[in-house]
Amino acid sequence: MAGYLILLYVDEAAYAADKPDDLMDAHLKFQAAHGDALRGGAQLAPSATATAVRGAGTTPDYAAGTDAEVTDGPYVETKEALGGYYLIDVPDLDAALAVARDVPAAFGGIEVRPLIPMS
Amino acid sequence: MTPDDAVADAHRREWGPVLAATVRVTRDLDTAEECVQEAYAQALEAWRTDGVPRSPGAWLTTAARRRALDRVRHADVAARALPLLVTDEAAPDDPEPDRTDLLALVFTCCHPALAEPARVALTLRLLGGLTTFQIAKAFLVPEPTMAARITRAKKKIATARVPYRVPGPAELPERLDAVLTVVHLVLTTGHTAPDGEHLVRRDLVDRALDLARLLRARFPDDGAVAGLLALVLLTDARRATRVGADGSLTRLADQDRSRWDAPMIAEGTTLAKEVLLRSGPGRPASRYALLAAIAAVHCEAPTFADTDWAEIVGLYDVLLAGRPDPVVALNRAVAVGFADGPAAGLEALRPLEAEPRLASYHYLAAARAEFLRLLGHDDEAALAGSEALLLAGNAVERTFLQDRDER
């Protein structure tokens with residue numbers, strides 16, 4: 001078995017303008033249908049709530065007073081922002097794509113990324 | 001056949017099957033390729049001393065698999081850079097495990113998760129045994145670019161776990177479509193090599209024929225598969241006459257039809273007819289079957305003048321109704337010119353001149369030049385002719401256009 005992260009990219013403006021009532025139902029239905037494969041997932045709050053941290057992890061031994069810079073906004077500005085994810089565990093890419101095809105994604109698209117196994 | 005010729009012949013015929021069987025052992029494309037290369041080198045030595053074996057393919061498969069088993073046994077699993085390919089257990093009831101392996105390799109190379117140019121390159125390299133240099137040359141790409149493309153695709157297959165498998169019924173239509181696209185691209189690239197000194201790249205057309213036959217054997221009821229095989233046959237049947245003895249391009253009108261390959265034409269025509277008869281309302285004929293039918297009309301005409309151009313225009317209309325395509329529209333306009341005269345042809349070409357995808361396509365200018373010449377507008381014809389010359393990438397086609405301008 002292998003892990004894949006299914007990334008849901010969303011056109012936030014379109015989503016905000018026309019959020020359908022049944023979207024959550026669609027996700028619940030998807031989760032029920034692919035419960036065997038699902039290992040986790042979440043919806044993310046809009047990218048306007050994101051905070052970027054640049055230069056993180058550069059201070060030795062986690063000493064206080066790092067050089068990391070904190071700024072408002074997502075790390076990368078894109079028209080379609082990351083809006084959520086599902087983590088799945090399936091035998092191969094074909095199985096991952098079969099799950100990904102069913103993800104409700106009316107406001108954007110899906111990207112499937114293989115995880116590198118922790119060894 | 002000398003032993004050296006036998007190795008060369010086996011390279012052309014058996015590379016794909018030998019590699020496919022070896023991949024099943026190594027579960028790694030690079031290692032499998034190395035083992036197969038070594039097996040061919042071993043054959044060169046062994047067949048010179050011991051003679052050519054009765055079944056060269058089986059000999060090579062055994063040699064390559066033995067090397068593969070050796071490597072798998074001694075491999076330091078922890079040191080592996082890439083994960084192993086995802087393979088299924090061979091089905092115990094599979095009557096043709098070898099062909100299943102070969103098809104698994106085809107479907108892996110043509111997986112839609114790979115970029116289309118990478119699918120074509122992998123198919124030619126892993127199934128056709130072409131070198132990266134040969135593939136780069138056929139597609140007008142620098143060799144390092146092509147090498148990087150192949151390496152990236154192999155890495156993705158391993159890391160993203162593209163399975164080594166013939167897809168199940170649910171996925172099959174879409175996956176088969178992707179495979180047919182690759183085979184068709186190999187055919188068209190081979191038939192009119194986009195660049196270089198030769199008009200036809202035999203190695204590519206041969207591979208397209210092998211692949212189409214392989215698919216036909218496994219999917220005998222698929223109309224698109226049958227249509228594509230018919231198209232390959234009917235295209236390749238005219239190979240001998242497309243280029244003259246001096247390497248120059250011979251027009252369809254001037255080709256010696258007695259030198260066309262009659263058995264290939266018979267096989268292709270029968271197939272194309274079969275597919276078209278099976279199509280109907282709600283079951284449209286595939287693009288390949290329609291292209292094959294057009295080729296069949298050409299092949300069946302005893303002379304160029306006897307060509308049933310109205311039938312060809314009709315077939316192009318059906319093709320365009322299924323999927324608009326500027327190149328098909330251009331071919332249709334040329335057929336209109338032959339069916340209804342050069343003025344009608346020019347008229348049919350006119351709307352295509354604004355088509356951005358045809359702006360750099362030399363056939364459009366060449367067709368315009370031809371019709372203008374037939375109408376006696378020599379100055380305009382010359383202008384269109386030099387435009388075509390400027391755009392043509394293949395030396396043989398360039399020489400042809402040049403010669404015609406000088407006449």
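Trainee: What makes Arg27(B) count as partly exposed?

Mentor: This is a predicted model, so we go by counting neighbours: a residue is buried with 20 or more other C-beta atoms within 10 Å, exposed with 12 or fewer, and partly exposed in between. Arg27(B) has 17 C-beta neighbours inside 10 Å, so it counts as partly exposed.

Trainee: Where does Arg27(B) sit?

Mentor: Look in the loop between H1 and helix H2 (29-50) of chain B. Its backbone is worth a glance too: Arg27(B) has a positive phi of about 50°, although it is not a glycine.

Trainee: Why is Arg161(B) called buried?

Mentor: The cut-off for buried is 20 or more other C-beta atoms within 10 Å. Arg161(B) has 23 of them, so it is buried.

Trainee: And Ala285(B), how do you know whether it is buried or exposed?

Mentor: Ala285(B) has 23 other C-beta atoms within 10 Å, so buried is the word. Its place is in the loop between helix H12 (262-278) and helix H13 (287-300) of chain B.

Trainee: What is Ala285(B) in contact with, leaving aside its neighbours within four places in sequence?

Mentor: Gly223(B), Gly227(B), Val275(B), Leu276(B), Ser279(B) and Leu290(B).

Trainee: What makes Leu252(B) partly exposed?

Mentor: Exposed needs 12 or fewer and buried needs 20 or more. Leu252(B) has 13 C-beta neighbours inside 10 Å, so it counts as partly exposed. Leu252(B) is in the loop between helix H11 (239-242) and H12 of chain B.

Trainee: Which residues does Leu252(B) touch, apart from those within four places in sequence?

Mentor: His298(B) and Phe304(B). As for Arg242(B), it is 10 residues from Leu252(B) in sequence and 7.5 Å away in space, C-alpha to C-alpha.

Trainee: Now the helices. Why are H1(B) and H4(B) called roughly perpendicular?

Mentor: The axes of helix H1 (residues 3-26) and helix H4 (residues 97-109) of chain B come within 8 Å and cross at roughly 90°. Angles of 65 to 115 degrees count as roughly perpendicular, and H1(B) and H4(B) therefore get that label.

Trainee: Which residues make that contact?

Mentor: From H1(B), they include Leu19(B), Val23(B) and Arg24(B), and from H4(B), Asp98(B), Leu102(B) and Leu105(B) are among them. By class, the residues of this contact divide into eight nonpolar, one polar and three charged.

Trainee: How do you know that the size of chain B agrees with a compact globule?

Mentor: For 407 residues, a compact globule would have a radius of gyration near 22 Å; chain B has 23 Å, so the two agree. Along its principal axes, the C-alpha trace of chain B spans about 75 × 50 × 40 Å. Buried residues make up 43% of chain B, and its secondary structure comes to 19 helices and zero strands.

Trainee: Why is chain A called more spread out than a compact globule?

Mentor: First, its make-up: chain A has three helices and six strands, in the order β-α-α-β-β-β-β-α-β from the N terminus. Its radius of gyration is 17 Å, well over the 14 Å that the globule rule gives for 119 residues, so chain A is more spread out than a compact globule. The C-alpha trace of chain A spans about 50 × 45 × 20 Å along its principal axes, and buried residues make up 16% of the chain.

Trainee: How many residues of each chain are in contact with the other?

Mentor: Six residues of chain A are in contact with nine of chain B. The chain A side has four nonpolar, no polar and two charged residues.

Trainee: What does UniProt list for residues 18-75 of chain B?

Mentor: An unreviewed UniProt entry gives "domain: RNA polymerase sigma-70 region" there. In the model, that span is 86% helix and 0% strand, with its end C-alpha atoms 21 Å apart.

Terms used. Residues numbered from 1 in each chain as written. Chains lettered and ligands numbered in written order. Predicted model: local features only at pLDDT ≥ 70, side-chain atom pairs only at ≥ 80, totals over all residues. Contact = placed C-beta atoms within 7 Å. Nonpolar A, V, L, I, M, F, W, Y, C, P; charged D, E, K, R; others polar. Helix = DSSP H or I, 4+ residues; strand = E, 2+ residues; numbered from the N terminus. Rg over C-alpha atoms; globule rule 2.2 N^0.38 Å. UniProt positions renumbered as here; feature names shortened; annotations may be inferred. Axes fitted to C-alpha atoms, helices over the stretch in contact; angles between N-to-C directions. Parallel < 35°, antiparallel > 145°, perpendicular 65-115°, else oblique.
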